[in-house]
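Please keep the sequence and the 3D view open as you read.

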Amino acid sequence: MNESTKKKPPVLAVVGATASGKTALGIALAQAYDGEVVSADSMQLYEGLDIATAKPTAEEMQGIPHHLISVLPPDMPCSVADYVSRAEAVIADIHSRGKLPIVVGGTGLYIDSLLDHIVFPDITASPEIRARLEAEAETLGRTALLERLRECDAETAAKLHENNLRRIIRALEVYEQTGIPLSEHARRSRAVPPPWEVMRFGIGFQDRELLYERIRLRVDKMLADGLEAEVRAEYESGRRRETAAAAIGYKELLPYLRGEAALSDCIAAVKQETCRYAKRQGTWFRRNSQTNWLYRDEVRDNAEIFTKCQKMIETSGVL
């Protein structure tokens, strides 16, 4: 068998909005196919804030190895390229041991960059440009920078929220240095196909209110599990959380800890922001035509969702 006909090693992926049930499905697939989970969550990468970032507990993991969870200090930046590099190394290691990598997460940019095998341009960061753009964000506002990005790279701007300042600045920085939009760099990088045979599963909701109710219930459980105490301990530690502080559930509780708002109002803010984030996640993942969707409106039982995935895997021949 020559290289052109050699079967690529398989990778499964489970994507979807927060609180959709990705963790349970990923673990069920890992149990059935001798797999290990590779997290694709930009906040779960960081140490601490286990409840706020909804990291799976040891009980939930059921003995399945999980990678790229709590591997970075909270103030260490992690670019998309950094994540992809780490994830590719983990996937190679899992394959080398005869196991099946299962990518599970809700950070769309991380997942697509990894599974589409985007080769990132080797463009050195410019501290001067970044400092200037950060200062402009302070004076003009984040919305102004996002509008500027729309003028030179509408495709990248459409994928970013104005709160994602770090990535907005990076896209502007790339354009200033190269004169080529980041989206065009990404297109050119896709000339090299991914080294794996990838099968994606998505857990979706035809009725978005069903997802929102799951989110509200999960936030209530997070509170019962000690969310307020976890955030308070982190806040009072004095540690700098320039990166991990973006986690929903941390920053929304700060007004309560500072005596500026009632706890009930801050919890309502956590639920509202999580629902907004879930809506953006759904919009992102629906763009990918290669995703095999399972809708909880039709199939609410985790076992039935797994059975449907199993049938699709058998039909596809990916394993």
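## Ground rules

Two residues are in contact when heavy atoms lie within 4.5 Å. This is a predicted model, in which local features need pLDDT of at least 70 and side-chain atom pairs count only at pLDDT 80 or more, while totals for chains, interfaces and linings use all residues. Residues are numbered from 1 along each chain as its sequence is written, and side-chain values use heavy atoms, with hydrogens and water left out.

## Overall build

The protein contains 14 helices and six strands. Both are DSSP runs numbered from the N terminus: helices are H or I with at least four residues, strands are E with at least two. A compact globule of 319 residues would have a radius of gyration near 20 Å, and the protein agrees with that, at 20 Å. That radius is taken over C-alpha atoms, and the globule rule is 2.2 Å times the number of residues to the power 0.38. Along the principal axes, the C-alpha atoms fill a box of roughly 60 × 50 × 35 Å.

Of the contacts with a separation of 6 or more, 75% are between residues 24 or more positions apart. Buried residues make up 46% of the 319; here buried means under 20% relative accessible area, exposed means over 50%, and partly exposed is in between (1.4 Å probe, protein chains only). The protein exposes about 15800 Å², with carbon and sulfur atoms supplying 51% of it. Accessible areas come from the Shrake-Rupley method with a 1.4 Å probe, and for residues only the protein chains shown count as cover.

## Charges and salt bridges

The protein has 42 positive and 47 negative charges, and their mean positions are 3 Å apart. Lys and Arg count as positive, Asp and Glu as negative, and His and the chain ends are not counted. The place of a charge is NZ of Lys, CZ of Arg, CG of Asp or CD of Glu. Side chains of opposite charge can pair when their charged atoms come close. There are 21 salt bridges in the model, each being a side-chain nitrogen of Lys or Arg within 4 Å of a carboxyl oxygen of Asp or Glu.

Lys99 and Asp34 form one of them, at 2.9 Å from N to O. This pair links distant parts of the chain, 65 residues apart: Lys99 is in the loop between α3 (80-96) and β4 (100-105), and Asp34 is in the loop between α1 (22-33) and β2 (35-39). Lys99 is partly exposed at 28% relative accessible area, and Asp34 is partly exposed at 41%.

## Bridges between helices

Glu176 and Arg132 meet in a salt bridge of 2.6 Å, N to O. Glu176 belongs to helix α8 (residues 165-178) and Arg132 to helix α5 (residues 127-140), 44 residues apart. Glu176 is partly exposed, at 39%, and Arg132 is partly exposed too, at 35%.

A salt bridge of 2.8 Å, N to O, joins Lys271 and Asp220. Because Lys271 lies in helix α13 (residues 263-286) and Asp220 in helix α10 (residues 208-224), the pair ties together parts that are 51 residues apart in sequence. Lys271 is buried at 18%, whereas Asp220 is partly exposed at 36%. Elsewhere, Asp112, Asp116, Arg200 and Arg287 are linked in a network of salt bridges.

Helix α13 also holds Lys279, which is partly exposed at 42%. Lys279 touches Arg208 and Tyr212, not counting residues up to four places away in sequence. Lys279 and Arg208 are 71 residues apart in sequence, with their C-alpha atoms 8.1 Å apart in space.

Which charged residue is buried yet has no salt bridge? It is Glu230, whose nearest side chain of opposite charge, Lys55, is 7.5 Å away. Glu230 lies in helix α11 (residues 227-237). Leaving aside its neighbours within four places in sequence, Glu230 is in contact with Leu49, Asp50, Ile51 and Ala52.

## Two positive phi angles

Most residues other than glycine have a negative phi. Ala54, though not a glycine, has a positive phi of about 55 degrees. Ala54 sits in the loop between β2 and α2 (58-61) and is partly exposed, at 24%.

His117 also has a positive phi of about 55 degrees without being a glycine. His117 is found in the loop between α4 (108-115) and α5, and at 15% relative accessibility it counts as buried.
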